[in-house]
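Work through the exercises below with the sequence and the structure at hand. Each task is followed by a solution in steps.

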Amino acid sequence: MATIGHNNLNAKLVLLGDMGAGKSSLVLRFVKGQFLEFQESTIGAAFFSQTLAANDVTVKFEIWDTAGQERYHSLAPMYYRGAAAAIIVYDISNTDSFGRAKKWVQELQKQGNPNMVMALAGNKADLEDRRKVTAEEARVYAEENGLFFMETSAKTALNVNDIFHEIAKKLPRAQPAQNPAGMVLVDRPPEGSRATSCCS
Amino acid sequence: MHETELNDLSDDADYAASLQQGSASMTRSDSSRRSSSSEPDGAEVVYLKDNVTIHPTQYASERISGRLKLIKQGASLFITWIPYKGQSSNAKLSERDKNLYTIRAVPFTEIRSIRRHTPTLGWQYIIVVLSSGLAFPPLYFYNGGVREFLATIKQHIFLVRSAEDANVFVVNDFQDPLQRTLSSLELPRAVPVANGRSSSLSASESPTDKNQVRADGVAVDGSLSSIQNNGRQRQKMHDPARDLSIHVLEKFSLVTRFARETTSQLFRENHSEGFGGNERRNHSQSSHDYHQNAASIDVEKVPDEVPVAPDPLEKSPCSNRGEEAATNVGTFELIDSKEIDKLTVWGKPRQPPLGPEEWATFLDSEGRVTDEKALRKRIFYGGVENNLRKEVWTFLLGYHAHDSTYAEREYLVLIKKSEYETIKNQWQSITQDQAKRFTKFRERRGLIEKDVVRTDRSLSFYEGDDNPNVNLLRDILLTYSFYNFDLGYCQGMSDLLSPILFIMKDESESFWCFVSLMERLGPNFNRDQNGMHSQLFALSKLVELLDVPLHNYFKQNDCLNYFFCFRWILIQFKREFEYERTLRLWEVLWTHHLSEHLHLYVCVAILKRYRRKIMGEQMDFDTLLKFINELSGQIDLDAILKDAEALCICAGEHGAASIPPGTPPSLPLDTGLLYAQQDDEVL
């Protein structure tokens, strides 16, 4: 969940998607401005943080990067539970990875955090000549499912900062006076339900 | 996403028969219930089985037998396993061991799944996995009754068989696979694992627990605690927390005076303000006070200012001077107490790696290794020179037998080469047309191709376009995924193969060495994460044994699942050290000198080095994981190996007893199918 300080927002963000889609590369580009041609696979999970300013607020992203292989799927809920935002990543040159992205979207929708900001990232946009998933197809899917969509390239940095920026703008802002229904303003569940929460 | 279809047990022909047996045992247990005057009203023993046994070490001769019960109270079902009093197979198995493993009324709401194992030889056993992700050691049914046990559970709560693995029975109220996944992955409350102290702590969680456990009412805790206490009194009236502390103290005291002072100080703190005191009080109170008292335990927290007690291992590496003192656990260097702040010398100094001349002295004229144990010990303390690794690793990995001659090995290599080619040909002969209709093959090849191109590419051996060694990685992994089709390919395997190919160079030799390694590490990659869970569980027990304050810290910060050590264990620290250092660590681990599970002591040693930072900075799970990942490249291997050796010796048989039998890299207990996914006709 997103937490609010004085003009500061902490937001837990999780990256999900097929292995080799470029989750770690997107994070590395966003957090360190780097790109490795052969980014090694993620074992278990990795955690990063990065701050950016969006409008009037400074958002500190606490980013969970997860292992992509189906075999490790059972570990994912540990990392996406309580997340304020998710980027679901696929590889535009790989149809299967798009299918896998849809499954992640379904899972997050079922998991039932209606406030979660979900972004769909069609990564490796630099590989235009090997494209298998059209931007149009993905855009339609994203619209139907209430996600926002961008094609990105961790390699060329295309839209990488933008997608995080867009998420930052979409994060629910605190309105402490009104405390709107359905909006949870703390990053931990209340003390009583901690037993069922993740250790984030 | 697991598209799991859950199989109901009622589709099984044997199920009805097992119900019969189930009710027979209920009758029997009913009478035993009445004989126990302390059993509260409303609690009913619905299953009772004698001679259910655990094997705390890898030796079948060492066992603790006990009585397994299912207790029903209201809508809740609880499992208990209480060891028999004074019937150890072995005098070395003390009351402390029994206490460590006793299961005191764990509700099924805390249990994720039960895995049944049916070895072709030996007893059936089950492994109970908690929703925290940890697991109890295997319970062997010497008198049979696993089927009946599962059938009884099925009568009372929702139990379904996993479609992915017919031997896994998922205990849960959720039918939806996603919900099940979610609920099964809840990170630990205080985890009630097989230990007197933590079992009481699990009760302490109930006041804050708003889920099913709580809904059953406070009375459950109270009444069941009287069962627990009763059981405990029947065994022997003593304080397990105190016992364990004293035990560790004893062990530590053998090491150095310094260690003794430090640890006694640690435990003093721990006892005066920590759990030990509460536990003692708890015993003398009536069951009505139990719940309330437990609640007070829950309040206990690491103080905000965190005055972290020093630990002998967290200091910087130190001088090797000092005399040696022989104790009954080994030889240690004595430490001048004036040097306390700088010192931690426990393990023996590392030696230079084994070189060709010395290696020759281990071989007889025909090439047999004459003293395998001495060789392993030698490598444990110094490793192997790089140019010798190709030869020596084949022994360490078990590809070549130590008593084989040069000629026999040469012959085996030829045989194995042709065997490799045969298996490789199985996928090489798949035509494009066939591949179109063979999704599993295409997927598998795709996974492997994605990973090999990003495995150690900065190393000259693997760098550059169209590097033939990258292709070898791919071919070997794909061939392995046909050799072990049930396991297939899993991320992390390329990390394990890369150093082997780097050393062996030869394709077939690398393959067979990898096969040998995977005999031990394969369970790390099991779909149900069983191998990883058992290692993480063992790690948590070892930290509890060797560093109580750190254990308590992890407990209070919801970090007891030890997932922050996942990468360390899955790929044997491959990402934590420079390449050459990883090779050294691996050959040391593979000697299995002192313990097959030295890698877990390596984990403890690293955590101990950084314990002050971890606790002082109040790291939560996120920060801890980030911190641990970023230790990569920062760890001093030699110092850690010395610490790990010392810890392993200190922990002694109690350390070994904390590691459930069959925990990787031990060879699997089952002599039957290694990765059985076949249907099973029993249930």
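**Exercise 1.** Find the backbone oxygen that the side chain of N113(A) reaches, and state whether N113(A) is buried or exposed.

Solution. The side chain of N113(A) comes to 3.2 Å from the backbone oxygen of A83(A). This is a polar contact, that is, a pair of N or O atoms within 3.5 Å; within protein, one must be able to donate a hydrogen and the other to accept it, and residues adjacent in sequence count only if both atoms are side-chain atoms. N113(A) sits in the loop between α3 (95-111) and β6 (117-123) of chain A. Helices (H or I, at least four residues) and strands (E, at least two) are DSSP runs, numbered from the N terminus. N113(A) counts as buried because its relative accessibility is 14%; buried means under 20% relative accessible area, exposed over 50%, and partly exposed in between (1.4 Å probe, protein chains only).

The model is predicted: local features need pLDDT of at least 70 and side-chain atom pairs pLDDT 80 or more, while totals for chains, interfaces and linings use all residues. Residues are numbered from 1 along each chain as its sequence is written, chains are lettered from A and ligands numbered from 1 in the order in which they are written, and side-chain values use heavy atoms, with hydrogens and water left out.

**Exercise 2.** Locate the largest nonpolar core and name the residues that touch the most other members.

Solution. A nonpolar core is a set of buried Ala, Val, Leu, Ile, Met, Phe, Trp, Tyr and Cys residues joined through side-chain atoms within 4.5 Å. The largest one has 146 residues, and L120(A), F554(B), F564(B) and L607(B) touch the most other members. Helix α25(B) gives the most to this core, 9 residues. The core lies between domain 2 (405-522) and domain 3 (526-657) of chain B, because both give residues to it; the bounds come from an automatic or database domain assignment. Outside four places in sequence, F564(B) is in contact with F554(B), C559(B), L607(B), F621(B), L624(B), L625(B) and I628(B).

**Exercise 3.** Why is helix α22 of chain B described as largely enclosed by the rest of the structure?

Solution. The helix covers residues 548-556, and it is largely enclosed because 8 of its 9 residues are buried. The buried residues are V548(B), L550(B), H551(B), N552(B), Y553(B), F554(B), K555(B) and Q556(B). Just after α22(B), D558(B) has a positive phi of about 55°.

**Exercise 4.** Characterise the packing of α19 and α24 in chain B.

Solution. Helix α19 (residues 493-504) packs on helix α24 (residues 579-590) at an angle of about 95°, with the axes 11 Å apart. Axes are lines fitted to C-alpha atoms, for helices over the stretch in contact, and angles run from 0 to 180 degrees between N-to-C directions. The two helices are therefore roughly perpendicular, the term for 65 to 115 degrees; under 35 is roughly parallel, over 145 roughly antiparallel and the rest oblique. D495(B), L496(B), S498(B), P499(B), F502(B) and I503(B) of α19(B) meet Y579(B), L583(B) and W586(B) of α24(B).

Key: Contact means heavy atoms within 4.5 Å.
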